Amino acid sequence: MRPLRVAAAVLNQTPLAWEDNKRHILDALRAARHQRIHVLCLPELCVTGYGCEDEFRSPAVARTAQAVLEEILPHTQEMIVALGLPIAHDGALFNAACLAADGRLLGFVAKQHLASGGICAEPRWFRPWPRGLCVERDFAGRRYPLGDVTFRFNTAQGDLTIAVEIGGDSRLAGTRFEDDSTDDNAEGDNSSPVGANGSRANGVGANRARAAGDELSAAGWERRLGSRVDLILNPSASHFAFGRYRLRRRRVLDASRSCAAGYVHANAVGNETGRAIYEGGALIASEGRLLAAGRRFSFEDYGLTAAVVDLDAVGANDLPPEALPAATTSTTLIRVGFEPAPSAPDPPPATPAATPVATPPLADWEAGAHVQQEEFARAIALGLFDYLRKSRARGFAVSLSGGVDSAVVAILAALAVHFGGEELGLDRLLGKLSHISDLADARDVRGVLDRLLSCVYQATRNSSTVTWEAACAVTESIGVRCLRFDVQPMVEAYVATVSRAIARPLTWERDDTALQNVQARARGPGVWLLANVHGALLLATSNRSEALVGYATMDGDTCGGLAPIAGIDKPFLRRWLTWMERHGPNGFGPLPALAAVNRQAPTAELRPPSAEQTDEADLMPYDLLGELERLILVDRLTPTEALQRLESQPGPHDRAQLAAWIERFVRLWLGSQWKRERFAPSFHVDDDHPEFKVAQRWPILSGGGERELAELRAYAARSRADAL
């Protein structure tokens with residue numbers, strides 16, 4: 001047996017927070033050395049932070065990253081370490097990972113398949129590296145290999161060959177490891193030269209032109225290197241979205257099985273830039289068997305997941321070389337002399353996240369029946385906690401309506417404190433929030449929450465006792481107070497001022513929208529003032545379904561610096577709040593008082609009570625709204641094609657009603673882009689839906705779909721006539 005102790009580190013980094021990022025890296029290195037780790041993999045672009053966006057275009061970023069790397073290198077003694085940073089070369093910038101061993105740099109591997117689509121836009125800043133190309137690059141006065149490089153270490157125990165695949169470069173049988181897309185027309189010029197020898201990057205399209213089957217596989221590596229690979233390191237920054245973890249886990253297993261090798265996948269954790277949330281969840285596998293799985297949604301600055309790979313055992317299931325066609329390019333193999341530090345006979349106690357296990361158990365909540373609800377709770381809670389501390393806000397403020405959306409936002413803010421306290425304990429929780437002096441004498445986590453979260457119900461003449469009692473039920477269930485403001489005098493003052501100016505009274509018959517909106521907007525100044533008094537972050541309560549069709553009042557319910565649920569549709573939020581009422585996250589328990597919210601039909605309560613206003617009466621059934629989003633905005637069907645698709649499915653609505661709702665959807669969607677442009681930043685947690693500001697670019701002004709809607713009306717009329 002040739003045991004090799006390997007580890008994957010997850011890091012909570014912040015773009016361009018040089019000293020904090022370096023400290024987390026050094027902490028992970030110290031923890032790995034304490035556990036006598038031989039090989040350590042750190043996340044993608046961990047030196048700079050993954051989400052620097054257009055700051056990557058500043059030459060100073062790559063220069064500073066190189067300087068920080070020089071400061072880190074001496075701390076890699078006694079082990080082999082892979083860590084990510086941007087590398088500038090020959091007028092272009094590359095997403096790269098350096099490999100260091102025993103305090104010295106060995107070379108750089110450059111990413112070949114850049115992530116684009118969704119919230120990923122790597123081609124905007126980086127160039128894809130052509131497969132098979134290796135050049136030399138100056139670094140700190142010496143020249144090192146850069147490009148498609150694999151490293152072979154000569155040790156007393158035998159040779160050890162290590163390959164590095166960055167993020168989505170890890171591929172199996174033509175399937176992307178990460179669920180990203182690679183577009184030949186992605187933003188950015190992919191034709192810049194990369195090699196000092198005059199070789200040019202072949203572009204993303206050429207990167208796709210691989211020999212079929214010669215992706216990650218044992219025989220593929222042997223054809224490329226002339227020998228097998230023992231260990232593959234995968235520095236990654238894979239953002240959380242529903243279902244992605246299962247995909248990552250399955251593909252790590254598939255890649256390790258196909259390569260007949262050990263596989264170490266490191267990921268980022270936390271809210272790095274405000275929009276993307278990283279779940280951590282490091283994975284280590286060998287020949288299709290999972291050796292270790294790290295904690296997900298951790299509030300720690302770093303975490304280490306370790307396991308032992310038996311180098312004598314890997315490779316027993318190698319595929320014969322004739323099983324695959326010959327590769328068209330080869331990887332440069334760098335030979336290195338290195339002797340890993342011997343394993344300690346009795347390793348020091350490890351944290352639960354770093355304990356090697358033969359069959360890693362799932363967390364209690366991952367083994368339950370409500371994984372998606374748990375993931376949502378934990379992802380948004382972590383996102384809110386990191387946003388709070390990284391923005392140096394001193395709390396959260398929420399305007400409660402007594403409805404689903406604001407209740408969800410308040411509960412998620414409470415879960416951010418609960419989960420943080422559960423994992424860190426009170427003292428370390430306070431240490432993470434040390435910029436908030438008001439928390440210094442808090443005696444327990446509940447006391448921290450009471451000081452961090454401010455909730456207010458703002459009543460008008462049209463507000464009901466039902467919604468006030470529902471708002472109180474929410475705050476009582478999570479252990480905070482609910483303030484009450486009466487904004488009716490402000491509404492009346494605005495209405496009277498405008499009525500005098502235009503010399504006529506405002507009436508519901510003539511001024512319905514204006515009279516609704518003034519109530520929502522009258523609530524904005526008060527909650528902003530409350531947030532400012534406490535130095536708190538005002539959380540907007542708009543959801544995705546309503547934002548999509550503009551069913552939101554600008555400067556009313558859209559007020560806020562962060563919109564944590566703007567990426568989530570209303571039906572999911574309603575189901576999640578019902579789950580919170582009956583079950584709740586593992587270790588947190590149900591909140592039965594939420595029944596006061598869940599039994600109501602969603603309503604804005606902006607018309608007089610006699611109007612019996614409901615959201616779905618104003619719009620359409622929320623489930624149908626979500627289906628129209630998929631058909632028209634994701635599948636790109638015309639309104640008529642969407643109607644035909646809906647008609648082909650069983651349902652309670654006739655074609656005339658469906659056609660009317662489709663027309664309403666299209667008109668509201670096309671006329672609401674100006675609103676979506678102004679929405680506060682939101683969290684991305686659902687890859688199945690396009691982003692309003694990032695992944696999809698819609699015109700603010702357009703023809704309004706008149707031709708398409710005329711075709712829809714003609715088809716609906718013709719269908720009725722045919723039916724008669």
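Q: Buried means under 20% relative accessible area, exposed over 50%, and partly exposed in between, with a 1.4 Å probe and protein chains only; why is Phe 385 called buried?
A: Phe 385 has a relative accessible area of 2%, which is under the 20% limit, so the residue counts as buried. The model is predicted, so local features need a pLDDT of at least 70 and side-chain atom pairs count only at pLDDT 80 or more, while totals for chains, interfaces and linings use all residues. Residues are numbered from 1 along each chain as its sequence is written, and side-chain values use heavy atoms, with hydrogens and water left out.

Q: What pLDDT does the chain average, and which residues have a pLDDT below 50?
A: On pLDDT, the predictor's confidence in each residue from 0 to 100, the chain averages 86, and 85% of the residues score at least 70. Residues 317–329 are below 50, although this stretch has 28 contacts (heavy atoms within 4.5 Å) beyond near neighbours in sequence; residues 344–359 are also below 50, with 22 such contacts. Where pLDDT is low, the predicted coordinates should not be read in detail.

Q: Why is the pair of Phe 299 and Phe 385 edge-to-face?
A: Their ring centres are 5.0 Å apart and their planes lie at 70°, so the pair is edge-to-face. Phe 299 belongs to the loop between β19 (289–293) and β20 (302–310) and Phe 385 to helix α6 (residues 371–391), 86 residues apart.

Q: How do you know that Arg 296 lies over the face of Tyr 245?
A: A charge sits over a ring if NZ of Lys or CZ of Arg is within 6 Å of the ring centre and within 35 degrees of the ring normal. Arg 296 lies over the face of Tyr 245 at 4.0 Å from the ring centre, so the distance is inside that limit.

Note on methods:
Phe/Tyr/Trp six-rings, centres within 6.5 Å; stacked < 30°, edge-to-face > 60°. Helix = DSSP H or I, 4+ residues; strand = E, 2+ residues; numbered from the N terminus.
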